[in-house]
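Let us start with the ligand's surroundings and then turn to the aromatic rings.

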Amino acid sequence: MIIAVDGPVAAGKGTLARALAAKLGFAYLDTGLLYRAVAALTLAAGQAPDDETATEAVARRLSPADLERDDLRQEAVGQAASKVAAQGGVRAALLDFQRRFAQEPPAGAKGAVLDGRDIGTVVCPDAEAKLFVTASPEVRAERRYRELLARGEETIYPRVLQDLKERDARDQARAVAPLKPADDAAVLDTSELDSDAALQAAMQILQARGLC
Ligand code: CDP
């Protein structure tokens, strides 16, 4: 069984997807980390995120160890990730890995939860369950701001809000695999929900569809 969790920046996809995977005993893949790793490696090599030849070569060579880099969660890496994520060559290079993870989850898990932007629309269009997690831009920016402060990054709320809006706009406007809910996705607005309540709401959606 495959559960697709998509949504905009800092909507709580990762927290929810990880919790669902833990509850159901499924494997979990944060696909944003793939794009973040391509961006971080490109920047570290002194190349520009809009140099498609460079980014595609990096995406083709990506290894599991690259997903462990400790700079992947930085805001600057997120912005660069959304630039490389608009490139068709990079997306194509990362597609097989994501599909294989979904279809043959590691460690014999009987299902997989993937979170990202295009899981329900492109990566796993046949996923049994699709959730589109969202929240107001202000709530999402507040969450991301607190996360960044907790990690010791120096930033200010208006900057985080502006970056988030820019990244969402780029993710929605791109020609390849733009951010949008799949036609058969259940939309879950977490503006008023904490992580436990979001998990409960997601489980109710799965139960209503007879999936667990
Ligand atoms: O955690 P956050 O919502 O900040 O972002 P993320 O999930 O780590 O994704 C970083 C960037 O990668 C996004 O802004 C997208 O541009 C891109 N991405 C994508 O295009 N497709 C995915 N399946 C996952 C991420």
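For the classes used here, Ala, Val, Leu, Ile, Met, Phe, Trp, Tyr, Cys and Pro count as nonpolar, Asp, Glu, Lys and Arg as charged, and the others, Gly among them, as polar. With that in hand, and keeping in mind that this is a predicted model, the shell around the ligand can be sorted into 9 charged, 5 nonpolar and 4 polar residues.

Which residues come nearest? Of the 18 residues around the ligand, these are Arg36, Arg91, Arg144, Arg167 and Asp171. As for secondary structure, at least two shell residues come from each of helix 2 (32-44), helix 4 (75-84) and helix 8 (157-173). Helix 2 gives the most, with 3 residues.

| Side chain | Ligand atom | Distance |
|---|---|---|
| Arg144 (N or O atom) | oxygen | 2.7 Å |
| Lys13 (polar atom) | oxygen | 2.9 Å |
| Asp118 (polar atom) | nitrogen | 2.9 Å |

The ligand taken alone exposes 530 Å², and the protein buries 97% of that. The space that the ligand takes is the largest pocket.

Now to the rings. A search of the whole structure turns up 1 aromatic pair. The ring centres of Tyr145 and Tyr157 are 6.1 Å apart and the planes meet at 85 degrees, so the pair is edge-to-face. This pair links distant parts of the chain, with Tyr145 in helix 7 (residues 137-150) and Tyr157 in helix 8, 12 residues apart.

How values were computed
Residues numbered from 1 in each chain as written. Predicted model: local features only at pLDDT ≥ 70, side-chain atom pairs only at ≥ 80, totals over all residues. Heavy atoms only, no water. Near = heavy atom within 4 Å. Polar contact = N/O pair within 3.5 Å; in protein donor to acceptor, adjacent residues only side chain to side chain. Areas by Shrake-Rupley, 256 points an atom, 1.4 Å probe, with all protein chains shown as cover. 1 Å grid on protein atoms, 1.4 Å probe; cavity = no way out; pocket = protein on both sides within 12 Å on 5 of 7 lines; lining within 4 Å. Sits in = over half its atoms within 2 Å of the grid points. Helix = DSSP H or I, 4+ residues; strand = E, 2+ residues; numbered from the N terminus. Phe/Tyr/Trp six-rings, centres within 6.5 Å; stacked < 30°, edge-to-face > 60°.
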